Amino acid sequence: MLNIKRAASSAALSALLSISAMLAAAPATAQQIPQTGLPVVELGAGMHLIHAEVARTDEQRAIGLMARKEMAQNAGMIFVFEQPAQQCFWMRNTLIPLSAAFVADDGTIVNIVEMQPLSDTSHCSVKPVRYVLEMNKGWFDKRGLKAGAKLRGGPWPK
């Protein structure tokens, strides 16, 4: 009888430890559901129109485009920071390949990087910027947009 009680107690303890471990790890797990409900701004790049979700808070920027399985052709996300600084992005938990344009306060593209999904490789701006625009990989190149091109309609001062 004692062995049965001990086995039941052991099983219950094991289950509790498993649940506790899962709960403790929950904040560290990958973003499973894409964030939604962000405001959208319309940007212009040459003759091209972009519908960019705006990520302004630390949490919105941290989640970014994680867990997205696809993104519309002219859709993207613009990350807005409080102050210009060297911005660095990686693709951990991001499922789609992206291009990131690092954008100066006046809307000028400083540099563009190509990023692979699920990578911890860091991609940085070549100088301090306040904005980063992520689009589907190759979007800027396919449209002939390079460093020095100017974006219109964004959150930067007019």
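Which residue forms a salt bridge with E53?

1. R68 forms that salt bridge with E53, and their closest N and O atoms are 2.8 Å apart. A salt bridge here is a side-chain nitrogen of Lys or Arg within 4 Å of a carboxyl oxygen of Asp or Glu. R68 lies in the loop between helix 2 (58-63) and strand 3 (75-85), and E53 in strand 2 (residues 48-55), so the pair ties together parts that are 15 residues apart in sequence. Helices (H or I, at least four residues) and strands (E, at least two) are DSSP runs, numbered from the N terminus. Both residues, R68 and E53, are buried. Buried means under 20% relative accessible area, exposed over 50%, and partly exposed in between (1.4 Å probe, protein chains only).

2. A note on the model. It is predicted: local features need pLDDT of at least 70, side-chain atom pairs count only at pLDDT 80 or more, and totals for chains, interfaces and linings use all residues. Residues are numbered from 1 along each chain as its sequence is written, and side-chain values use heavy atoms, without hydrogens and water.

3. The structure holds 6 salt bridges. Another one joins R61 and D58 (2.5 Å, N to O). These two sit 3 residues apart in helix 2, about one helical turn. R61 is buried at 12%, whereas D58 is exposed at 58%. D58, R61 and E82 are linked in a network of salt bridges.

4. Check the backbone at N93. Its phi is near 70 degrees, a positive value in a residue other than glycine. N93 lies in the loop between strand 4 (88-89) and strand 5 (98-103).
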